[in-house]
Structures are given as structure tokens and as C-alpha cells.
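This report describes selected parts of a structure. Please look at the sequence and the coordinates before reading on.

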Amino acid sequence: MRSPAETRRQRWAIAAVAAAVLVLSFVLKSAYYELILTQVLLWAVLSLGWNVLCGYGGYSSFGHAVFWGLGAYTVALAMIDLDLTPWVSIPCCAIVGAAAGALIGFPTFRLRGHYFGLAMLAYPLAFLYVFQWLGYQELALPMRRDAPVLYMQFEDPRVYVVLALGLMVVALAISLWVENSRFGMALTAIKQNEPAAEAAGINTWKWKMLALMLSGAMSAVAGGLYVVVLLVLTPDTVFGILASAQALILALFGGVGSLWGPVIGAMVLVPLAEGLNAELGNVLPGIQGVVYGVAIIVIILAAPEGVYWRVLDRLGRNKRPASPAAAPRAPVVPLPHPRAAAHGDLLVLKNIGISFGGLRALDEVELAVPEGGLYGIIGPNGAGKTTLFNVVNGFLAPGSGTIEFAGASIAGLRPSLVCRRGIGRTFQVVRAFARMTVLENVIVGAYVGARDDPAARNMALAALDRVGLSDRADAIAGGLTTRELRLMELARALAPQPRLMLLDETLAGLSHDDLDGILGVIRQIRADGTTVLIIEHTMQAMVNLVDHFTVLDHGRLIAEGNPNDVVRDPRVIEAYLGKKWVERVAATAN
Amino acid sequence: MSFSLVDFLQALSAGILVGSAYALMCVGLGIIFGSMRVINFAQGDFLMLGMYAAFYLTTGYGVLAFMGPYAGPIAGAFLAGPIVFAIGWLVHRFIVSRVTGAGAEASAGSGAYGQILVTLGLSLILQNGGLIVFGSTPTAIRTPLSHSSWEIGEILLNRARCVSFVVAVIVAGVVYLFLGHTRRGKGLRAAADNPQAAIYMGIDVDRAHRLAWSLGVGITAVAGGLIASNQSFQPYTGFDFVIVMYAGVVLGGLGSILGAFWGGLLIGIVQQMSTLVFPYQLQNTCIFVVFLLIIFFRPQGMFGRLSERT
């Protein structure tokens, strides 16, 4: 997220680029150069659309031509069959693109990573053959010399430059808005760690769908204007793999996930390809493709993150804005619902069961955690502890049984909704948003409970204060120590002020000194009124920390009660602890 | 939707014969995608190189003319393998290895983009370089087998396709034995399963990847050489097969060589059988639809497995 001053600078930069393009369009003397300039701008818009989903959200699409092509065919067919002017049909492309995005996203977002990208590759190619089969091999827009302005058929090519420029400015403004809003923060969190984003209360499905719809709308509008400029279209030129590839090549070349990357890519590569084609196309057909390919490979080997980021690094301007921790600190927000201890059971699990294939991971598990309690779950590896958490916070739907939280059933809710109900969680292996600062990580968690952005920021600062990590607020999460990461994850879960915290092996991998600090934090969290349920291996620390133990083994509940009694239970010793623990616990008790 | 039993069997047999070549190219891609987790957009263009290699060995320069019109094209298809293997080795050594492998894993996320761009760049160079070198006129390897068929009852079996079926099965079998029963093959599979662990076990992952890449494009090139004897081609042909290959590999299950073979075969059958019901022009659309259905309903494929932990 940018500071307001930075945002103002970006707005000026957009205005400056727009002015420069306008000047350029008046300097250029030939219609041919104007045409290339128009294409640069339109491809930049397509690439900016791609960048919204793929750059910010991290879902690479190899098939953005599907939106580009649908936009182009919408405008062409509307004009040919319905005699509809592009002035009306081009805005309609936004609706077509968004609708296509929704229809495509609905099934495709079940997939991640390479599978998502490959599935996206198939859509435009499927459309390509369908449009060929429908007999739209080559469409030409009818010339309307009677009313050229009404049908966007201008004598002066500079008008097209202005139209395309307007579109690009709008696309840049949208991108800037995305970057600076909760939308962009959600997408960045999804890109860096999707399960953590979901568990932190971000409805990942909703944001991904919105990103794809916005991305599709931007791309389709650009495609619509493209056909007005070129006047002819074939399925190959708009749905072909080159159009899809262009969208990502421009963005990756310029700098993926940046506002200016797609624009830089378009300004360098589109004229390069066109120029080579014009100069050498007759002598050596295909030479532009070869040079284009070589240019791409050289750039990637020299600056794999793209031109924009590389230049930024070189200029040394990639510094973080002034330290937010130094800004006046908000007072710690009072808890919204003051809770007295022992108000009945906050979380009640009844008869929970779940199977993976033939493996019965949880079987008839019953658990009741009273409000204000600090409960522990122990059990050997593979006992089903983390699975139990996954069922409670919604990563897994239970095969049988009921989960009640604060009197209402939460079984089968998405993790983000569970989080909204007031259950925070941490992970066995810390899931940080590695390229965000500590503060940003915690802000993502705070959004759930915050009315607006400043409130989220205050809540995040308060949470960092509670875990004692305020001095590291501006550090990049990727560089933290294990202890700091654990504390940061605690703060992230704590920020929206949940009623229940699920801590998954928060003490694992810590040294003895670090352990005491974190135990203190956990005790304080409980003392402040939050109920805590913790999974752990580290027996010694646990016996002194919690007031109630539940022991799982092979998915079954084998014992529960007072920690000191539980660790003496012969069934527990047999399942998990071994004899020496009895002696040790006895020794500490004396 | 009315067709006779003969039509059905005819389409099925054509599907199996065409599918065998698809199966072989899927094995090639499967080795690369499975072991390096790289989406290689240039795979189809290496297939195209295989087609031209076989073409120049048999028809063009007639190096293999002495072998006669029957054995020549088969030998040409076989030899396309080592030629493209060598090209692939160089391409990996000087370009691909710099964005993949153990070194690139550190920069996860941005690394994947680099790989995609590099293979797209390679694809552009190969296609358009092919246009300059080979010209844009569609060509084909004409053998007496291409236009003759065996008849079993009322079903016609194209002889060139029958021969390519046999060759494809043999090559795929040899590859399968190589991966399963040799030291290098096992090292390659280990590097595919867990690169980090393989490094600790003393396996040179970069070299294993180079072998996987070269072998992968080489095998796909043999499939290209086989297809070249019953279908015309030009420098842009490669891309038509990219989706076929990915569909086959994903259908079979990522990382499973055997799965890639069956996946490719099934894609061939789907393609040919679709013409029974849908117009001829939509046969590729049918492949895409099948591809999407697989990805949605069984992303782990027939032989693959998915594992994700929180």
C-alpha cells in the first residue's frame, strides 16, 4: 500500500505520460506511425488487465485472448448484424468481459498454479475453433461514410490515439486504485499465501472472482476498440495464442505486478515487432518473430523480474516510505465485547468424524471449550490434531458431527467466514506473506474486524504491541527469525480481536529462552479475555500452561482432564509419552 | 447422433493409431513437465523440428534414400530423436538451465514467470526461424504407405499410421525401461520427486534436468517424425499439438510417464471419435473441452496423486 504522497506522484506520472503521448501523436506525421501508437496503447490496456489478476493476484493466465477476442467480436457483430455503433458496444464489452470472467472463473478457480494457467490456455483456443466453425473466418466492419463520427470511423488517425489513450489512462487509474485499496492488499495476500489469506478472514474466492471480472472487462474493452481501429478481424488474430502471449509478455517484460510494467513492455516491444516486420518482413519473413524471441530471452536472463523493477533497484528508490512505527501510536483499542471467564462453552464439537480415503483421520471426537479457557490438545504425530483445527476453521468439512461456536453452527463455512465469526488461527508451519512488512501482514488480519483502513492499521499496531513486536513493524516478513515469525502470526490472528484463538504448535522449534517469551504472550492473550485452544508437542511447557488437556490418538479421543492427571493416565503414557515422562512430571510436581 | 458400428470401429481404430503418436509426444512432455515442473510452450516447436529433421533425412536431402521408401521414413523418424536431443541439450545448457533447476527455486514465484517467458521466446524463435529456413509451404513425407491401407472387414487401417503405431509403442517401452531400470533413469525420477532431497543424495539435479529436457524434446521429435509421414506440416504446426500434449499429460497424471502414454492415446481416441458426433472442424474444441473437464474433476489425472498440507 502506498503513502498518499506516493499516490499523488503516481497520478502526476500518469498525467505526464498522457501528455507526452498526446504531443507525440501531433508530432508523428504518418498515419502508419499513428496506427502503431494506437496499438501500443491498446496492447498496454490488455496487459494492464492481465496484470490485475496475474500481477497482483499471482494467478497466471495464458489465455487472456479470450476476453480480447470476445470484445472484438462483440463490437464487430453488433455493428454488422445490429447496426450498433461502437460508442455503445465498446462500453458493453466491459459487461461481456466481466460476465465471461465470472463464467470462466466459477469453475477455473478450483485450480491453482500451473493447472490454472493451462486451463486458461484452453478457453481462447476453444473459442477460436468455434468462431471458425460458425463461419466468422474474416469479418470486416462495414464502412459508414454517411455517419463516420457516429460509427467511430475517423479520417484523422489521431482521434484513435486519443481514444486509446483515454482507455489507457482509465486502466492505469483502475490499477492505481486497486493497488491502494483493500482489494489490492487482498490480492497481494492471496499471491503470497492463499490459505493464510483465507484463514485471516479474506474471502479469497470473492476477491479472485472480482479480479478476474475486472481483468476481463478491461481486456474486452481494449479488444473492442482494437477492431474499430483495424477494421478487420479473424479468429486467429484475436483468439490466437499470440494475443494471449502478448498480454503476459508485455507485463513480464516491463515488470509484473507493477503499475508501469505493462506500459513499458508495450512501448518497447510493440513498435520493435512492427518495425522489424516493416523493415525486414519482405526479405526474411519471420525475422521479427526471431528478434522478438531473442529480445525476450535476453531480457529475462538479464533482468528476470522485468525492466521496471530492475530500473527501480538501480535507482535505489525501492526504499520503504517513512517508518510508520514512528508515527503517533493509536491507543490500544478496547475490546469490543468484554468477557468474564466461564460463561458456558464457547466451542462445542460433537461426534466429529472425517476420513481420507480409507484412513479415519478423526473419529467421534467430542470437545467443549469454555469461554475464557486455555485448553491444550496433545497427541503423537498423525493423531489428527491439525486435521481437527482444519475442520474447526473450515479448511475441511467434517464428514459427520456438529461444530457450534458461541451457540451457532459453523460446520461447513469457508475459513474466511469462520474467521469473521471470531476464530483466529496460526499454522504449524508459519504462513507469512513473505514480501510484505510485518505491519502489513498484521493489517491483512485486522481487516476482518475493522470498519476502514485507518482502523485496521490501528488494530494491527495494537496487536503488534500486545505481542511485543512493535519495533519490527517495518521489517520484511521474509527476513524474520522463527520467534518473530511466530509472534507475527499471533499478532495477525489477534488483530481482529477474535473470541477464540487456535494455535497450531506455536511453540515448535523455539529455543528455551524464546519459549518463555511466547508462553508469556499466550498467557496474556488469555488474561485479556480471549479463549485459547493450543496444539503442542512440547509437554513440559504445556503442563504448566494450560488448564485442560485433551489427548488424541489415531483420530480418537483417549483422555481428557486436568493436565497433571492426564499425563499420569496409563493410556496416554502408552500411546504417546513413554515411561520417563511420568518420572519427570513427578519430579517437577514435588 | 446416428452412426453405424463400422463408423464407430473405424473412428476407434483411427483414434488408437493417431493416439499412439500423441502418446509418444506426451511421454516426451511428461518427462519434462513431470521432472522440471516447467511449462514448456516450445515443446510443439521441437516436435516441428523433428518433422523437418525426418523430412530432410528421407525426402529432402535423401540421406536415407538407400533404405528405400518403406524403411527410410521410419529410420528418419528414429534419427530425428538424437538430432533434436542434441539441439535440446544445447538449448538447456545455455538458456533454460539459467531459469530452472535448483538455482531458480530460491526465487520462487518470479522464477516461474521467467521460465514461461523463456519458453515462449524459444517458441517464437523456432517457429519464425523455421519459417526463414524451411519456408512456409506445407510439406509432407510421402511414402507408398501413406496412401494405402489394410482392410480388416470393412475397417480401413492406414499403413503409415500402423507402422507409426508400432514404432511409438516400442520407443515408449524403451523409455519406460530406461527410467525404471537404469541408474540415470532412477536419478532423474528422484530429481523429479524432490529436487532438494536429490541434491542431498548426491544427484546432480541440473544434469538430471538437462537429460530430462533433452530426452523429452527428443522423444517428442520422434513422434513428430512419425506424424510427418501421414500429415502435412509447416513451421507453425507445432502449436496445434501443444494442447494435445498438455491434455494428455494432465489426463494421465502429472509426473506419471505411463499415465502420459495412456493420456495421449485417449486424447487421440477422443479426437477421432468426436467426428462421429460433432462437425469435423470442432474436433480440437472437443479436446479442449475434455481437457477442461479433466482439470476440473480429476486434476490429479488417472495415475497421479495430489498432496497438499496445511
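The model is predicted.

**The sheet of chain A**

Six strands of chain A form an open sheet with mixed pairing, in the order E8-E9-E10-E5-E11-E12. Its edges are E8 and E12 (556-561) of chain A, each of which pairs on one side only. On average, neighbouring strands of this sheet are turned by 20° against each other, direction ignored.

Strand E5 of chain A is mostly covered, with 5 of its 5 residues buried. Leu374(A), Gly376(A) and Ile378(A) point one way from E5(A), while Tyr375(A) and Ile377(A) point the other way; all are buried.

E5(A) pairs with E10(A) and with E11(A). E11(A), residues 548-553, in turn pairs with E12(A). The table lists these pairings.

| Strand pair | Bridges | Direction |
|---|---|---|
| E5(A) and E10(A) | 4 bridges | parallel |
| E5(A) and E11(A) | 4 bridges | parallel |
| E11(A) and E12(A) | 5 bridges | antiparallel |

Leu374(A) stands opposite Val532(A) in E10(A), and Ile378(A) stands opposite Val551(A) in E11(A). Leu552(A) has Leu557(A) of E12(A) opposite.

**Helices of chain A**

Helix H15 of chain A, residues 385-392, lies across E5 (374-378), E8, E9, E10 (531-535) and E11 of chain A. H15(A) runs at about 150° to E9(A).

Helix H19 of chain A covers residues 482-494 and has 13 residues. From first C-alpha to last, H19(A) reaches 18 Å, close to the 18 Å expected at 1.5 Å a residue. Is H19(A) largely enclosed by the rest of the structure, or largely open? Because 10 of its 13 residues are buried, H19(A) is largely enclosed. The buried residues include Leu485(A), Leu487(A), Met488(A) and Leu490(A), and also Arg486(A), Glu489(A) and Arg492(A). The buried residues of H19(A) pack against strands E8 (423-425) and E9 (500-504) and against helices H17 (438-446), H18 (453-467) and H20 (512-527) of chain A.

**A helix pair in chain B**

In chain B, the axes of helix H3 (residues 68-94) and helix H9 (residues 205-228) come within 7 Å and cross at roughly 145°. The crossing of H3(B) and H9(B) is right-handed. From H3(B), the contact residues include Gly76(B), Ala77(B), Gly81(B), Phe85(B), Gly88(B) and Trp89(B). H9(B) contributes, among them, Trp213(B), Val217(B), Gly218(B), Ala221(B), Gly224(B) and Gly225(B). By class, the contact of H3(B) with H9(B) has 14 nonpolar, 8 polar and 2 charged residues.

**Contact between the chains**

The contact of the two chains takes 41 residues from chain A and 37 residues from chain B. On the side of chain B that touches chain A, helices H5 (110-134), H10 (238-252) and H12 (283-297) of chain B each supply at least two residues. Which helix gives the most to this side of chain B? H5(B) does, with 15 residues. The residues of this side divide into 25 nonpolar, 11 polar and 1 charged.

Terms used: Residues numbered from 1 in each chain as written. Chains lettered and ligands numbered in written order. Predicted model: local features only at pLDDT ≥ 70, side-chain atom pairs only at ≥ 80, totals over all residues. Expected span 1.5 Å × (residues − 1). Buried ≥ 20, exposed ≤ 12 C-beta atoms within 10 Å, placed from the backbone. Contact = placed C-beta atoms within 7 Å. Nonpolar A, V, L, I, M, F, W, Y, C, P; charged D, E, K, R; others polar. Axes fitted to C-alpha atoms, helices over the stretch in contact; angles between N-to-C directions. Left-handed = near helix turned anticlockwise from the far one by under 90°. Pairing = 2+ DSSP bridges.
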